[in-house]
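Subject: Structure handover

Hello,

Here is the structure I promised to pass on. Please open it and keep it beside you as you read. My notes follow below.

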Amino acid sequence: MALGISLDQAKGLELNDNHRLLHDICLLMKGIPTLYALACIPVAISASIIMQNYYSNDYALGTNWLSVLCMGYAGYWGWVFFSQLFGHVLVNVWQVIPSIDSLGIANNYLAFVLLLILFGYNISVAQQQLARALNAIKKNLLPADEPSHTLPTPPHAPDAHAHAQKTPSDLAQRIQNLMVQQKPHLQSSITAEQFAHLLGRSTREVSAVLNQHFEQNFFEFINTYRVNDAKALLISPEHINTPITHILSMAGFNSKSAFQRFFKRITGMSPSEYRQRYGSVKKTPR
C-alpha cells in the first residue's frame, strides 16, 4: 500500500522495472521454505539411524512420519513457489487457469488438507499410546503407579572400579545372559537407557558393544530376539492356532506393521507363510 503497488503487480501479472524487484523478493521468500523442507528430508532420514540406538519400537522413533511430514511441507511450499514463479505464465500465456486467484485457492486447500492430516495423526498417536499403556498395566509389565521410564535396580550392580576392568567381550556375554534370563525384549516399551540400567552400565557403553560386537543397533538387536521368540511361538503346539496379532504382542512387538516388516526382513517370509511352512495346524477333536 505504501508503494502504491497493486495485488496483480505483486503477483507478477503486471511487471515493469519499478515492480520487478518486489516480485523477485516475493519469489525468493516463497522459494526459501521449499529449499528448507527439502533439506529437512535427509536430516529426518539420518535421524532414524541415530534414534535406533535408543529405541526398540517404531512408534517411539516416529522417523517415518517425520520424513513424510517433511515431504508434505516440501510439496506444499513447492506448489506455492511454483504458483509465484509460473502463475502469470499459466494465466496470460498458456491460459490454463482463468485467474491467479485459482492457484491461491488451491494453496489454501492444500494447507487445510495438511492440517487435517496432522490433526488426525496426533489423535491416532494419542490413542496408540493410551492402548499401549493400558495393555502394559493389564499384563503387569509395569505397575500402575510406576513411571514408564523407570526399571528396578539390578541386583549386585557393579561399581565404577569393576566397570573399568570389564572388557567389551565381558559386557557382550552379560548382554547375552540378560537376554536369556530376564528377556527384556518382551517389554515392548524398553529403551536403551532402561536396558543399560539392567546391566548397570551406561547407555553409551552398551550401544558401542551392540554396534561393535553384535554389529547391530539397539533397535535391530532387540527386535531380532523378538522375531526369534515369535518364530518359536508361531510353530509351537500350544500356540499353533493363536492369532498372529496375539503372537506379536507376546513376543514384545506393539505394532503389526513393524512386526510384519522386521519378521520378513529376517526370515524372508511373512509370519503366516512361516507358520504354514514349519508348523502343523492343530486339529480340534470333534
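Lys 231, Leu 234 and Ile 235 belong to α10, and they meet Pro 271, Tyr 274, Arg 275 and Tyr 278 of α13. By class, this contact of α10 with α13 holds five nonpolar residues, no polar ones and two charged ones. Please keep in mind that this is a predicted model.

How do the two helices cross? The axes of α10 and α13 (residues 271-278) come within 9 Å and cross at roughly 50°. Angles from 65 to 115 degrees would count as roughly perpendicular, and angles under 35 degrees as roughly parallel. The crossing of α10 and α13 is right-handed.

**The whole chain**

Now step back. The protein has 286 residues, and 36% of them count as buried. Its secondary structure comes to 13 helices and zero strands. Read along the sequence, the pattern is therefore α-α-α-α-α-α-α-α-α-α-α-α-α. Next, take the contacts between residues at least 6 apart in sequence. Of these, 67% join residues at least 24 apart.

Go back to α10, which spans residues 218-235. Its axis and that of α7 (residues 168-181) come within 12 Å and cross at roughly 40°. That angle makes α7 oblique to α10. The crossing of α7 and α10 is right-handed. Which residues make this contact? From α7 they are Ile 175, Gln 176 and Met 179. From α10 they are Phe 221, Ile 222 and Tyr 225. Sorted by class, the contact of α7 with α10 has five nonpolar residues, one polar residue and no charged residues.

**Thr 224, inside α10**

Stay in α10 and find Thr 224. Is Thr 224 buried or exposed? Its relative accessible area is 19%. Buried means under 20%, so Thr 224 is buried. The side chain of Thr 224 reaches the backbone oxygen of Glu 220 at 2.6 Å. Now leave aside the neighbours within four places in sequence. Thr 224 is then in contact with Gln 216, Phe 262 and Ile 266.

Look at the loops on either side.

- Glu 215 lies in the loop between α9 (203-212) and α10. Its phi is near 55°, a positive value in a residue other than glycine. Its relative accessibility is 68%, and over 50% counts as exposed, so Glu 215 is exposed.
- Lys 183 is found in the loop between α7 and α8 (192-199). Lys 183 is not a glycine, yet it has a positive phi of about 50°. At 35% relative accessibility, Lys 183 counts as partly exposed.

**Earlier in the chain**

Next, find Ile 41 in helix α2 (residues 20-51). With a relative accessible area of 16%, Ile 41 is buried. What does Ile 41 touch, not counting residues up to four places away in sequence? It touches Cys 70, Met 71 and Ala 74. Ile 41 and Ala 74 are 33 residues apart in sequence. In space, they are 8.8 Å apart, C-alpha to C-alpha.

Gln 84 sits in helix α4 (residues 63-93). Its C-alpha atom is separated by 7.4 Å from that of Lys 30. Along the chain, Gln 84 and Lys 30 are 54 residues apart.

Last, go to Asp 101 in helix α5 (residues 101-138). How far apart are Asp 101 and Ser 83 in space? From C-alpha to C-alpha, the distance is 9.9 Å. In sequence, Asp 101 and Ser 83 are 18 residues apart. Asp 101 has a relative accessibility of 43%. That value falls between 20% and 50%, so Asp 101 counts as partly exposed.

**Where to begin**

Start with α10 in the viewer. Find its contact with α13 through Lys 231, Leu 234 and Ile 235. Then find its contact with α7 through Phe 221, Ile 222 and Tyr 225. After that, look up Thr 224, which is buried in the model.

Best wishes

Notes
Residues are numbered from 1 along each chain as its sequence is written. This is a predicted model: local features need pLDDT of at least 70, side-chain atom pairs count only at pLDDT 80 or more; totals for chains, interfaces and linings use all residues. Side-chain values use heavy atoms; hydrogens and water are left out. Helices (H or I, at least four residues) and strands (E, at least two) are DSSP runs, numbered from the N terminus. Buried means under 20% relative accessible area, exposed over 50%, partly exposed in between (1.4 Å probe, protein chains only). Axes are lines fitted to C-alpha atoms, for helices over the stretch in contact, and angles run from 0 to 180 degrees between N-to-C directions. Angles under 35 degrees count as roughly parallel, over 145 as roughly antiparallel, 65 to 115 as roughly perpendicular and the rest as oblique. A crossing is left-handed if the near helix is turned anticlockwise from the far one by less than a right angle, and right-handed if clockwise. Contact means heavy atoms within 4.5 Å. Ala, Val, Leu, Ile, Met, Phe, Trp, Tyr, Cys and Pro count as nonpolar, Asp, Glu, Lys and Arg as charged, and the others, Gly among them, as polar. A polar contact is a pair of N or O atoms within 3.5 Å; within protein, one must be able to donate a hydrogen and the other to accept it, and residues adjacent in sequence count only if both atoms are side-chain atoms.
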